[in-house]
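Student: I'd like to go through this model with you. Can we start with how burial is counted and then work outwards?
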Amino acid sequence: MKDLAQQECEACRADAPLVSDDELPELLRQIPDWTPVTRDGILQLERVFKFRNFKQALAFTNRVGAIAEEVGHHPALLTEWGRVTVTWWSHEAKGLHKNDFIMAARTDQQLEAE
Ligand SMILES: C[C@H](O)[C@H](O)[C@H]1CNC2=NC(N)=NC(=O)C2=N1
């Protein structure tokens, strides 16, 4: 099995299969720095990234935005001085899809990217 970040995203569809309760623990194990949170009854993945200043936070934000645009699957991004909060979930499917785990893993890779 390929690492999460190397796996392919599927098209975002309202009827896309959400991650089952059985699949969730193994997928979460592969992205240990991310926290499952439930908002408005919708399970999401969230991580806060820390930076030295706003400029670095904004550059990271733009890198995450670029990988989201590449696959047509987008996070919520809160960019503040020294911090970026990234939240992934499948809007139309109203929950967590495998895509969200793939994109969380790819988001982590943007930390090293310059
Ligand atoms: C039309 C467009 O492709 C869809 O609205 C996409 C855009 N990006 C998306 N991103 C996320 N996270 N969930 C979606 O359901 C979604 N749908």
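Tutor: A residue counts as buried if 20 or more other C-beta atoms lie within 10 Å of its own, as exposed if 12 or fewer do, and as partly exposed in between. Keep in mind that this is a predicted model.

Student: Fine. How does Lys94 count, then?
Tutor: Lys94 counts as partly exposed because it has 14 C-beta neighbours inside 10 Å.

Student: Where does Lys94 lie?
Tutor: Lys94 is in the loop between strand E4 (83-88) and helix H3 (98-109). Its phi is near 60°, a positive value in a residue other than glycine.

Student: And Asp40, buried or exposed?
Tutor: Asp40 counts as exposed, because 6 C-beta neighbours lie inside 10 Å. Asp40 also has a positive phi, about 50°, although it is not a glycine. Its place is the loop between strand E1 (35-39) and strand E2 (42-50).

Student: On to the sheet. What is the strand order?
Tutor: The order is E1-E2-E4-E3, in an open sheet of four strands with antiparallel pairing. E1 and E3 are the edge strands, each pairing on one side only. From one strand to the next, the twist averages 25°.

Student: How many bridges join E2 to E4?
Tutor: Six, and the two strands run antiparallel. Arg47 has Val86 in E4 as its bridge partner, and Leu45 stands opposite Trp88 in E4.

Student: What about E3 and E4, how many bridges there?
Tutor: Five bridges join E3 (residues 76-80) to E4, again in an antiparallel arrangement. Leu78 is bridged to Thr85 in E4. E3 and E4 form a hairpin with two residues between them, and Gly82 in the turn has a positive phi of about 80°.

Student: Which side chains of E4 point to which face?
Tutor: They alternate along the strand. Val84, Val86 and Trp88 point to one face and are buried.

Student: Now the core. Which residues have the most contacts inside the largest nonpolar one?
Tutor: Leu45, Phe60, Val84, Val86, Trp88, Phe101 and Ala104, in a core of 18 residues. The elements that give two or more residues to this core are E2, helix H2 (54-71), E4 and H3. H3 gives the most, with four residues.

Student: What does Ala104 touch?
Tutor: Leaving out residues up to four places away in sequence, Ala104 touches Ile31, Trp34, Leu45 and Trp88.

Student: Change of topic: the ligand. Which residues surround the ligand?
Tutor: Cys12, Gly72, His73, His74, Ser90, His91 and Glu92 surround the ligand.

Student: And what is that shell by class?
Tutor: The shell has one nonpolar, five polar and one charged residues. Gly counts as polar in that scheme, Cys as nonpolar and Glu as charged.

Note on methods
Residues numbered from 1 in each chain as written. Predicted model: local features only at pLDDT ≥ 70, side-chain atom pairs only at ≥ 80, totals over all residues. Near = placed C-beta within 6 Å. Core = buried A, V, L, I, M, F, W, Y, C linked by C-beta atoms within 7 Å. Contact = placed C-beta atoms within 7 Å. Pairing = 2+ DSSP bridges. Axes fitted to C-alpha atoms, helices over the stretch in contact; angles between N-to-C directions.
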